[in-house]
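Q: I have a new model open on my screen and would like to learn how to read it. Could we go through it together?

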Amino acid sequence: MFGPRSHLSRVAEFGGLPVVEFTDPLSVPDEEEGVVHPRQAGEAELADPGGFAWRLTVSEPWRDDPEGEGDPLGEADEAEEADEAGEEEGDEDGYAREHIIRYLDRFTEQVPLEALRALIVGYLSEYDDSYGMLAEPAVEALVGAAPRLAGLRSLFFGEVTSEEQELSWIRLCDLAPLVAALPGLSELVVRGGSEELGLRLESRSLERLTVHSAGLRPEVVEDVCASELPALHRLELWFGSEWHAGGRVTPEGLEPLLSGGAFPRLRHLGLRNVPGLDEWIPVLTGSPVVRDLDVLDLSLGDLSDEGARALVDGASAFRRLRYLDLNHHYLSEEVEKQVAGVFRRRGTVVDVSARREPAQWKDGPHRYTAVTE
């Protein structure tokens, strides 16, 4: 579902349901020939709220409109006053926060939350020059509405596209209180890996956790590995550049995970978009966790012949592996065939598509992960 270019556009389906967008009156898209806009919620969707995955998103509406046109809520007259109040309080996005809170209030008042099964928190814009993401109001609103969200099973927090904000820039917050407030949640997708992101989670129901990042901070990985998630059977982490993360995640940083102790029911492990992937392979093949995996996803990384040969040498460690994903790699044709042959003879389906060629620089060849920004 989430490929290397998934952060470039919004999903059309989530949690097995078609996506519908809860309309922000200030951000209704203009009619443009040839442009497909998200489906907007109407009477039919409100009559069957459980039949859709609901998206929450607030883009920049009329911030630079001095006449206040396109302001159906009449908030333009209050914008300057709210901004001044925000500045006095040291909050540069005071108006933006108030507008987002009002939008979220309308959502919780108008949509029968008891029926919701899937929810997407998209871009909640600051409306200022930084075009930042205001995640805290969404967490606060959803925690407050949690008693009515007992049926929610799937949550995508931070569905921000590259047109709205680069993946490495997405600012989130501590999501642990939200997960704790949703005892029926079985799937969580998070996009972003900034300093504010907190993922030390406790949930007896969460089965699937995915974190998209172009620079996953080591502290976030530590949080995930320290989480209490006894039902977790699928974990997917995107790593990316250490320049965006303020430090590099190493295999040693995943020791609680790789030992098999953190998530004993884990059957699907995705370590995606990993730089320096060759260094990880000997650690992986020697780790207890791989013995019980059905799926190992090492796609979007920079695997070379060296790492692939180590994977072949350690193939016997994967006792029950049904699927190995090496999509986006730097293997020679000879080694690519060798890896595919060895694992296919063991009954494993192997994806070795999207072979890449190293970039040639003055200091030698360089390999890159699929998602770098």
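A: Happy to! Let's begin with a term: contact means heavy atoms within 4.5 Å. Bear in mind that this is a predicted model.

Q: Which residues does Asn-327 touch, not counting residues up to four places away in sequence?

A: Asn-327 touches Ser-299, Leu-300, Asp-351, Ser-353 and Ala-354. With Ser-353 there is also a polar contact, made between the two side chains at 2.7 Å.

Q: Where does Asn-327 lie?

A: Look at the loop between β11 (323-325) and α11 (333-345), which holds Asn-327.

Q: Does a residue such as Asn-327 count as buried or exposed, and why?

A: Buried means under 20% relative accessible area. Asn-327 has 18% relative accessibility, so Asn-327 counts as buried.

Q: What does the chain look like as a whole?

A: Its secondary structure comes to eleven helices and 14 strands. Of the 373 residues, 54% count as buried. The chain exposes about 17000 Å², and 46% of that is supplied by carbon and sulfur atoms. Among contacts with a separation of 6 or more, residues 24 or more positions apart account for 74%.

Q: Which residues lie nearest the centre of the second largest pocket?

A: Ser-241, Pro-275, Arg-367, Tyr-368 and Thr-369 do, out of 14 residues that line this pocket. The volume of the second largest pocket is about 280 Å³.

Methods
Residues are numbered from 1 along each chain as its sequence is written. This is a predicted model: local features need pLDDT of at least 70, side-chain atom pairs count only at pLDDT 80 or more; totals for chains, interfaces and linings use all residues. Side-chain values use heavy atoms; hydrogens and water are left out. On a 1 Å grid over the protein atoms alone, a cavity is a set of points where a 1.4 Å probe fits but cannot get out, and a pocket is an open set with protein on both sides within 12 Å along at least five of seven lines; lining residues have an atom within 4 Å of a point. Grid points are joined across faces, edges and corners, and a volume is the space filled by probe spheres set on the points. Helices (H or I, at least four residues) and strands (E, at least two) are DSSP runs, numbered from the N terminus. Buried means under 20% relative accessible area, exposed over 50%, partly exposed in between (1.4 Å probe, protein chains only). A polar contact is a pair of N or O atoms within 3.5 Å; within protein, one must be able to donate a hydrogen and the other to accept it, and residues adjacent in sequence count only if both atoms are side-chain atoms. Accessible areas come from the Shrake-Rupley method with a 1.4 Å probe; for residues, only the protein chains shown count as cover.
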